[in-house]
Amino acid sequence: MDEIVVQLQTAMLAASWSEIGEKAALTDAGLMACYCCDFAVAGFSYLHAEGNDLARWHEQQALIGYLRNTIDPNDIMDAYLVFIVDNVSTELSENLGSAINDEHVCHKMCVELAGRDIREVLAELPFLGDMKPKQAPGYRDIEGESGYIQLPSSLLDDLSRRSAVAILDELLREGYTENEGLNHAD
């Protein structure tokens, strides 16, 4: 599960969401993490196939509601509780209904990893959509270990046909700054 938490954090931060909540309080409530952006707060809970940990959803939604009210006392922001599961078993599916159908405090939804990358799974969530950062004109996205970085197209073209020395010279002369320089998307 630690790997899922790291992947979740990388994906959410790359999508311009910020971590909120104290780690101890989140863990005590059974949440992996909680994030916010300008329009919503989202908490993520990992469910095991047998669904024993599903019983904590009331506590989890209460914490998400508290965090939302701390950030947005006017109650304008949306709130989400997302259950992440490797594979939805028959037993878990039967128990998910009462949580998912409850409309109090926050929207609840379940996503199934089924061997897929967390970014692909998160893209299915209606409040996240495309998890890939928006590309600036004149730049192309390169995905690295820490998320996406946007590099000027001219730099990427030169990397495929020029020497490292020539590219370094151009960088030192402040070349490849096709707008505002290199854009870090994460």
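## A guided tour from helix α4

Begin with helix α4 (residues 90–101): its twelve residues should span 16 Å at 1.5 Å a residue, and its end C-alpha atoms lie 17 Å apart, which agrees. The expected span is 1.5 Å times one less than the number of residues. Helices (H or I, at least four residues) and strands (E, at least two) are DSSP runs, numbered from the N terminus. The model is a predicted one, in which local features need pLDDT of at least 70 and side-chain atom pairs count only at pLDDT 80 or more, while totals for chains, interfaces and linings use all residues. Residues are numbered from 1 along each chain as its sequence is written, and side-chain values use heavy atoms, with hydrogens and water left out.

**Around α4**

Select Leu92, Leu96 and Ala99, which are buried in α4. Seen down the axis of α4, the buried residues fall within an arc of 60°, so they line one face of the helix; the arc is that of the directions from the helix axis to the C-beta atoms. An α-helix has 3.6 residues a turn, so residues three or four places apart point the same way. Buried here means under 20% relative accessible area, exposed over 50%, and partly exposed in between (1.4 Å probe, protein chains only).

Next, turn to the face of α4 directed away from its buried side, where the exposed residues Thr90, Glu94, Ser98 and Asn101 are carried. Which elements do the buried residues of α4 pack against? They pack against β3, α3 (57–71), β4 and β5, where contact means heavy atoms within 4.5 Å.

**The strands β4 and β5**

Show β4 (residues 78–85) and β5 (residues 107–112), which pair in the parallel sense over six bridges; two strands pair if DSSP finds at least two bridges between them. Within this pairing, Phe83 stands opposite Cys110 in β5.

**The covered strand β3**

Move to β3 (residues 40–47), where eight of its eight residues are buried. Ala40, Ala42, Phe44 and Tyr46 point one way, Val41, Gly43, Ser45 and Leu47 point the other way, and all are buried. β3 pairs with β4 in the parallel sense over eight bridges, and Ala42 stands opposite Tyr80 in β4. With β2 (residues 33–36), β3 pairs in the antiparallel sense over four bridges; here Ala33 has Phe44 as its bridge partner. Three residues separate β2 and β3 in the hairpin that they form.

**Two loop residues**

Most residues other than glycine have a negative phi. Select Val105, in the loop between α4 and β5: this residue is not a glycine, yet its phi is positive, at about 65°. Val105 counts as partly exposed, with 37% relative accessibility. Then select Ala114, in the loop between β5 and α5 (118–122). Ala114 also has a positive phi, near 45°, and is partly exposed at a relative accessible area of 41%.

**The whole chain**

Buried residues make up 42% of its 186 residues. Among contacts with a separation of 6 or more, 60% are between residues 24 or more positions apart.
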